[in-house]
Amino acid sequence: MTITQPQPQPQPHANTGALAASARGLTRTYGRGDAAVHALRGVDLDLPRGRFTAIMGPSGSGKSTLMHCLAGLDAADGGTVAVDDVVLTGLDDTALTLFRRERVGFVFQSFNLLPMLTAEQNIALPLELAGRRLDPARLAEVVDTLGLRDRLSHRPSELSGGQQQRVAIARALVAQPAIVFADEPTGNLDSESSAEVLGFLRRSVRELGHTVVMVTHELSAAAYADDVVVIADGTIRAHLVSPTAEVLASTLQDAR
Ligand code: ADP
């Protein structure tokens, strides 16, 4: 594994205060016997708070499986995951659902907005469903960071793809999650809208202090991240801290 800066040695889950999420010995196998696919082969990973991390790797390398296990959407076969100092492996389904609702934000490739609701209603919906109060100051902060002030009364069909994804990001951020997982968030956007959305994701990290983990296969998208985790064949090959474009490109080349 390549690391461009000294990293602390992996420790058990104690004392993870500076970490938004971590994994130890994570394994995930699909199928059995001859048909078994080892999607994760013992992943150790520490994701610090307040960073924008991209997860990159060839198609089928385990990016989505890793993200789903870190987010508590999929159960690993072995190893442990902690998010915001809570060990997820071992929580029952109800506790896991509550934890995700309270502490984790999601942004998907398809924006998943409700068409009959305005942008503002879409942003507020998860908090309402959780029975939590929407803090107007917090809403204003997120809306302004994402440049949505003059779009709040529009329905999704009246917004561009980039604007719809910004609404989805605002929805993920407004509850102040400990970590936001974004799965190919620019996969349905043209290059101009992609740049805009990625720029706003980066602002949410730099200006609002959020932690964002983004799965992407696009070098141009990863360039917006602070750090890049490179995965190949279910194994972490590198955790690059603030890599240059050249280092990132050559590390990805080696991972193929
Ligand atoms: P990536 O996101 O990097 O494209 P995935 O995590 O989706 O990779 O998949 C990793 C490996 O696990 C691939 O070989 C894929 O075919 C396999 N895989 C993923 N999901 C399933 C599933 N539900 N059933 C069987 N195999 C799966």
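Reader: Which residues of helix α8 are buried?

Author: Leu 248, Thr 251, Leu 252 and Ala 255 are the buried residues of α8, a helix that spans residues 245-255. Keep in mind that this is a predicted model.

Reader: How do I read that list? Where do the buried residues fall around the axis of α8?

Author: Look down the axis of the helix. The buried residues of α8 fall within an arc of 100°, so they line one face.

Reader: Which exposed residues does the face turned away from the buried side of α8 carry?

Author: Glu 246, Gln 253 and Asp 254 are exposed there.

Reader: And what do the buried residues of α8 pack against?

Author: Their partners are strands β4 (52-56), β10 (227-232) and β11 (235-241), together with helix α7 (219-222).

Reader: Let me try the reading on α2. Which of its residues are buried?

Author: In α2 (residues 93-103), Leu 96, Phe 99 and Arg 100 are buried. The arc they cover around the axis is only 100°, which puts them on the same side of the helix. The cover over these buried residues includes β5, β6 and β7 (104-107).

Reader: Now α4. Which residues are buried there?

Author: Helix α4 covers residues 136-145, and its buried residues are Arg 138, Leu 139, Val 142, Val 143 and Thr 145. Their arc is only 165° around the axis, which places them on the same side of α4. Pro 136 and Ala 137 are exposed, on the face turned away from the buried side. The buried residues pack against α3 (119-129), α5 (161-173) and α6 (191-206).

Reader: Next, the helix ends. Which side chain reaches a backbone nitrogen at the start of α4?

Author: Asp 135. One of its side-chain oxygens comes to within 3.0 Å of the backbone nitrogen of Ala 137.

Reader: What follows α4?

Author: Gly 147 follows α4, with a positive phi near 65°.

Reader: Next, single residues. Is Arg 166 buried or exposed?

Author: Compare its relative accessible area with the cut-off: under 20% is buried. Arg 166 has 7%, so it is buried. Arg 166 is part of helix α5. Leaving out residues up to four places away in sequence, Arg 166 touches Leu 146, Gly 147, Leu 148, Glu 196, Val 197 and Phe 200. Gly 147 is also the residue with positive phi after α4.

Reader: And Ala 172: buried or exposed?

Author: Ala 172 also belongs to α5. Its relative accessibility is 8%, so Ala 172 counts as buried. Beyond its neighbours within four places in sequence, Ala 172 contacts Gly 105, Phe 106, Val 107, Pro 177 and Val 180. Pro 243 is 71 residues away along the chain, and the two C-alpha atoms are 27 Å apart.

Reader: What about positive phi in a residue that is not a glycine? What is the phi of Asp 85?

Author: Asp 85 has a positive phi of about 70°. Check the setting next. Asp 85 sits in the loop between β5 (78-83) and β6 (86-87). Its relative accessibility is 44%, so Asp 85 counts as partly exposed.

Reader: What is the phi of Glu 184, and where does Glu 184 lie?

Author: Glu 184, not a glycine either, has a positive phi of about 45°. Its place is the loop between β8 (179-183) and α6. At 12% relative accessibility, Glu 184 counts as buried.

Reader: Last, the ligand. Which residues surround it?

Author: Go along the chain. The shell includes Tyr 30, Val 37 and Ala 39. It also includes the run Pro 58, Ser 59, Gly 60, Ser 61, Gly 62, Lys 63, Ser 64 and Thr 65. By type, the shell divides into 4 nonpolar, 6 polar and 1 charged.

Reader: Which polar atoms lie by the ligand's oxygens?

Author: Ser 61 has a polar backbone atom 3.1 Å from a ligand oxygen. Gly 62 likewise has a polar backbone atom 3.1 Å from an oxygen of the ligand. From Ser 64, a polar side-chain atom lies 2.8 Å from a ligand oxygen.

Reader: How much of the ligand does the protein bury?

Author: The ligand alone exposes 560 Å², and the protein buries 57% of that.

Reader: Which elements give two or more residues to the shell?

Author: β3 (37-48) and α1 (63-70). Helix α1 gives the most, with 3 residues.

Note on methods. Residues are numbered from 1 along each chain as its sequence is written. This is a predicted model: local features need pLDDT of at least 70, side-chain atom pairs count only at pLDDT 80 or more; totals for chains, interfaces and linings use all residues. Side-chain values use heavy atoms; hydrogens and water are left out. A residue is near a molecule or strand if one of its heavy atoms lies within 4 Å of it. A polar contact is a pair of N or O atoms within 3.5 Å; within protein, one must be able to donate a hydrogen and the other to accept it, and residues adjacent in sequence count only if both atoms are side-chain atoms. Accessible areas come from the Shrake-Rupley method with a 1.4 Å probe; for residues, only the protein chains shown count as cover. Helices (H or I, at least four residues) and strands (E, at least two) are DSSP runs, numbered from the N terminus. Ala, Val, Leu, Ile, Met, Phe, Trp, Tyr, Cys and Pro count as nonpolar, Asp, Glu, Lys and Arg as charged, and the others, Gly among them, as polar. Buried means under 20% relative accessible area, exposed over 50%, partly exposed in between (1.4 Å probe, protein chains only). The arc is that of the directions from the helix axis to the C-beta atoms. Contact means heavy atoms within 4.5 Å.
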